[in-house]
Amino acid sequence: MQFDLDNALSWLDNQEEDDEINMVQGRRESLKTCDFSSGKWVYDQTYPLYDSNCPYLSTAVTCQKNGRPDSDYEKWKWKPHSCPIPRFDALEFLRKMRKKRIMLVGDSIMRNQWESLVCLVQSVVPTDRKTLTYNGPTMAFHVLDFETSIEFCWAPFLVELKKEHGKKRVLHLDLIEENAKYWRGADVLVFDSAHWWTHSEKWSSWDYLMEGNNVYRNLNPMVAYEKGLITWAKWVDLNLDPRTTRIIFRSMSPRHNRENGWKCYNQREPLGFASHPHVPQQMMVLQDVLRRMRFPVYLQDITTMSALRRDGHPSVYARAVGQDEKQHLKDYTSDCSHWCLPGVPDVWNEMLSAFL
């Protein structure tokens, strides 16, 4: 069944063109002149920009603390072909974000990126001038002297997943406000949503899909993804103002877990190049929806560059591994989806800082 994108986005066609919005659209065009997504990884002794003792890291990403024997994966810098990415400068970032809220919205890999961003910033902030607060599905790191907050909001589908009908998990493709109410008022919003849509039967994140009164037991995941993204796009177009809010949509983080999740185990350096840069289907769906939006959303493409970094995942070091266990590592699960920190998401945040 082909989903009719033109029809679903027809609410846009009736709106009057607005010079100021066209001016903001120009911002997107100017960013296109510098393509950060095409380049190569270069070894740089001056990295990482923080260490795994950063107090805001969750155990699953502190690979050094968990016993990973090598550390070179922390020292690779992304070098685009057409222009350099400036090294992350925490004070400069805070100056740009003074009196602003930046919120990262999505799944556990977006949480991975949020932890990276907080660790990149926190070392320049005195201990008594930073706090962490929690509110529903959100957590916020506050830098008091700059009146800045760096926030994360858990919403892996963007649209609403609810438990109902006798504990069944129902994904509502056309409902978003329960999640979106937390996004209002943010000055910069960074979104991702891809992984949870493609979990296989056994790991599927929902029991049913709903759209209006229609209930689906099985629906092509890419059709469902498109419907969910259109609900998000419609919310953004109708509720946010490009003169006051910047939106970045980060492309999907690649997984290296073919071969039962062992594809990233014991990898020690990046691949030199992608022989066939694979464009995931999610990326094509996402580009199609963004193209039709009135609001200028910047697509941050990290997919191909990160695909070269199969050395950057926790693998078996997503938990503390003792000396005895090292003899039997093959008995454990290997995480080839998330990223060790310091590591690859630090580069995503250097790109993000350059955009801002």
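This report describes the confidence, strands, disulfides and nonpolar cores of a predicted model.

## Basis and confidence

In this predicted model, local features need pLDDT of at least 70 and side-chain atom pairs count only at pLDDT 80 or more, while totals for chains, interfaces and linings use all residues. Residues are numbered from 1 along each chain as its sequence is written, and side-chain values use heavy atoms, with hydrogens and water left out.

The pLDDT, the predictor's confidence in each residue on a scale from 0 to 100, averages 87 over the chain. A score of at least 70 is reached by 83% of the residues. Residues 1-17 have a pLDDT below 50. Beyond near neighbours in sequence, this stretch has 33 contacts in the model, a contact meaning heavy atoms within 4.5 Å.

## The four-stranded sheet

Helices (H or I, at least four residues) and strands (E, at least two) are DSSP runs, numbered from the N terminus. Two strands pair if DSSP finds at least two bridges between them. An open sheet of four strands runs in the order β7-β8-β10-β11, and its pairing is mixed. The edges are formed by β7 (160-164) and β11 (214-216); each has a single partner strand, so one side of each is left without a neighbour in the sheet. On average, neighbouring strands of this sheet are turned by 30 degrees against each other, direction ignored; the axes are lines fitted to C-alpha atoms, for helices over the stretch in contact, and angles run from 0 to 180 degrees between N-to-C directions.

Five bridges join β7 to β8 (residues 168-172) in the antiparallel sense. Within this pairing, K163 has R169 of β8 as its bridge partner.

## Strand β9 and its partners

Strand β9 (residues 188-191) pairs in the parallel sense with β3 (residues 101-106) over four bridges. It also pairs in the parallel sense with β12, again over four bridges. The residue F191 of β9 takes part in both pairings: V105 stands opposite F191, and in β12 the bridge partner of F191 is F249.

In a regular strand the side chains alternate between the two faces of the sheet. Both faces of β9 are covered, with V188 and V190 on one side and L189 and F191 on the other, all of them buried. Buried means under 20% relative accessible area, exposed over 50%, and partly exposed in between (1.4 Å probe, protein chains only).

## Disulfides

The structure holds four disulfides, each defined as a pair of cysteine sulfur atoms within 2.5 Å. When the bonded cysteines are numbered in sequence order, the pairing is 1-4, 2-5, 3-8, 6-7. C54 lies in the loop between β1 (39-43) and β2 (76-80), whereas C119 is in helix α4 (residues 108-122), 65 residues apart. Both C54 and C119 are buried.

The sulfur atoms of C63 and C340 are 2.1 Å apart and form another disulfide. Its torsion of about -95 degrees makes the link left-handed. C63 is in the loop between β1 and β2 and C340 in the loop between α8 (303-307) and α9 (344-355), so the pair ties together parts that are 277 residues apart in sequence. C63 has a relative accessible area of 0%, and C340 likewise has 0%. C264 and C336 also form a disulfide, their sulfur atoms 2.1 Å apart, and with -85 degrees about the S-S bond this link is left-handed. C264 lies in the loop between β12 (246-250) and α7 (281-291) and C336 in the loop between α8 and α9, so parts 72 residues apart in sequence are tied together. Both ends are buried, C264 at 3% and C336 at 1% relative accessibility.

## Nonpolar cores

A nonpolar core is a set of buried Ala, Val, Leu, Ile, Met, Phe, Trp, Tyr and Cys residues joined through side-chain atoms within 4.5 Å. The largest has 49 residues, of which I102, V121 and I150 touch the most other members. At least two residues each come from β2, α3 (90-96), β3, α4, β5 (138-143), β6 (148-154), β9 and α9. The largest share, eight residues, is supplied by α4.

Not counting residues up to four places away in sequence, V121 touches F88, A90, F93, L94, F141, V143 and I150. A second, separate core of 42 residues includes A194, W235, M252 and V297.
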